[in-house]
Each structure stands twice: as C-alpha cells, then as structure tokens.
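Please keep the sequence and the model in view while reading.

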Amino acid sequence: MYKIGLTGGIASGKSTVVDMLRQEGACVVDCDILAREVVAPGTVGLQQVVNAFGEHVLREDKSLNRDRLGKLVFGNEVNKERLERILFPLIFSSLQAKMQELARLNCKLVFLDMPLLFEVNYQTQVDEVWVVYVPRDIQLHRLMLRNGYEQKEAEARIHSQWTMDKKIKLASVIIDNQGSLEDTKKQIKQQWVRLQREIV
C-alpha cells in the first residue's frame, strides 16, 4: 500500500483538495474524523479529557465543546501538550486499524488527510507528502471568514502549527490553492495521472 500524507495550514483549502481526490476515486483517511471519534460521548478519550481539563469542556448533552477546549489549548503550550498526550495515542491506534481495514479492501493507494502531519513527525510513516499551500495573508483571511475569529485568535490558531514555508521545504508535492478551483483541479489531475502510472 502506497501512503501519501496530505497536509497544509489551517484554512488552506485541504478539504477542497480531498473532495477532488475522492472524485478521482482515491481512498482517503480523514484524521480529523478519527480525532472526533476518539472523544465521542462515552469514550475513554472523552473521559480522559474531562479528567484533565474539567467538566466545563462538555456541552449540556455531555459531548465535547471543541471551541471551549480550543480556547484552553491554543496559545497555552502546557495545555496543548497535555491534550496531545491524551489524544495522539488514541488517534494513532484508530488510524492503524483503519489502514488495516483498507489493506483488506485492497486499496493500493491511500491519502492520509492529516493537518498535523509534520508536527507529530508522521512524514516518516508515509511514502510521499502533499502540502496544500496558500500565502499566510489568504490563510488568515479565510480562517477569520470561515470561523468568525477575531484576528488575534485566528493568528493563534495559525501559530499553533508549523509555518507554511517550513512545510513546503519537506513536501514531495505542493498543491497551490490560491487560484481558482479549476487551477487546483488541474494540479490534482496531473498528480493523479502520475500516481496511476507510477504506483497503481
């Protein structure tokens, strides 16, 4: 199984790229979904988060209030590391199970949609890395628009990840997502044709 790590900065348009890849027929593992599943109501993960941060990170229905937890974590290195120690082992275990399932389904080529690929050093576990790129000013604008953040909060979210420049230096493929959807789709198509020729 050939594994491609797909990453980029927050609000760089990674979801758009994933949608395009799925339209081409790609197998995609969404690590954000895995991250939500490990802290779903009734899970060990959610209980560990509550034990670490308190009941106030829960909504009335006992599900995780991600915005409230985010405010405790972003910009606070101690809280960030505490949360990562809880979540990462659970996410990696879930990811391993998902990969085994895809292997049974005979997927020859799998994209791992992983926002924090470099931050958790997972680039060592994949065969190539794609980085979805936009300049920082576009990233900031999109994030404020999409999430309704003030500039300071949006910048804190961006700063919690590696810089785009740092990611690009380690990329096998750079998808420039600052242009039109057609521009992005053309890049995806070119890379997809290459992969079909070289890998599948």
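A residue is called buried when its relative accessible area is under 20%, and exposed when that value is over 50%. The model discussed here is predicted. Thr 184, a residue of helix α9 (residues 181-198), has a relative accessibility of 0% and therefore counts as buried. Apart from neighbours within four places in sequence, Thr 184 is in contact with Val 17, Met 20, Ile 175, Asp 176 and Asn 177. Val 132 is 52 residues away from Thr 184 in sequence, yet the two C-alpha atoms are 9.6 Å apart in space.

Strand β1 (residues 2-8) pairs with β4 in the parallel sense over 5 bridges. The open sheet as a whole is formed by 5 strands with parallel pairing, in the order β2-β3-β1-β4-β5. Its edges are β2 (27-30) and β5 (173-176); each has a single partner strand, so one side of each is left without a neighbour in the sheet. From one strand to the next, the twist averages 25°. Helix α1 (residues 14-24) lies across β1, β2, β3, β4 and β5, and runs at about 150° to β1.

Next come the nonpolar cores. The largest has 35 residues, and those with the most contacts inside it are Val 29, Val 49, Leu 69, Leu 87, Leu 95 and Leu 112. At least two residues each are supplied by α2 (31-37), α3 (44-53), α4 (66-73), α5 (77-104), β3 (109-113) and β4 (128-133). The greatest contribution, 7 residues, is that of α5. Because domain 1 (1-27 + 108-199) and domain 2 (32-106) both give residues to this core, it lies between them. A second, separate core has 17 residues, including Val 28, Val 173, Ile 175 and Leu 195. As for Val 29, the residues it touches beyond four places in sequence include Leu 34, Leu 95, Val 110 and Leu 112.

An α-helix has 3.6 residues a turn, so residues three or four places apart point the same way. Just after α3, Gly 54 takes a positive phi of about 100°.

Key:
Residues numbered from 1 in each chain as written. Predicted model: local features only at pLDDT ≥ 70, side-chain atom pairs only at ≥ 80, totals over all residues. Heavy atoms only, no water. Core = buried A, V, L, I, M, F, W, Y, C linked by side-chain atoms within 4.5 Å. Buried < 20%, exposed > 50% of the residue type's maximum accessible area, 1.4 Å probe, protein only. Helix = DSSP H or I, 4+ residues; strand = E, 2+ residues; numbered from the N terminus. Domains from an automatic or database assignment. Contact = heavy atoms within 4.5 Å. Pairing = 2+ DSSP bridges. Axes fitted to C-alpha atoms, helices over the stretch in contact; angles between N-to-C directions.
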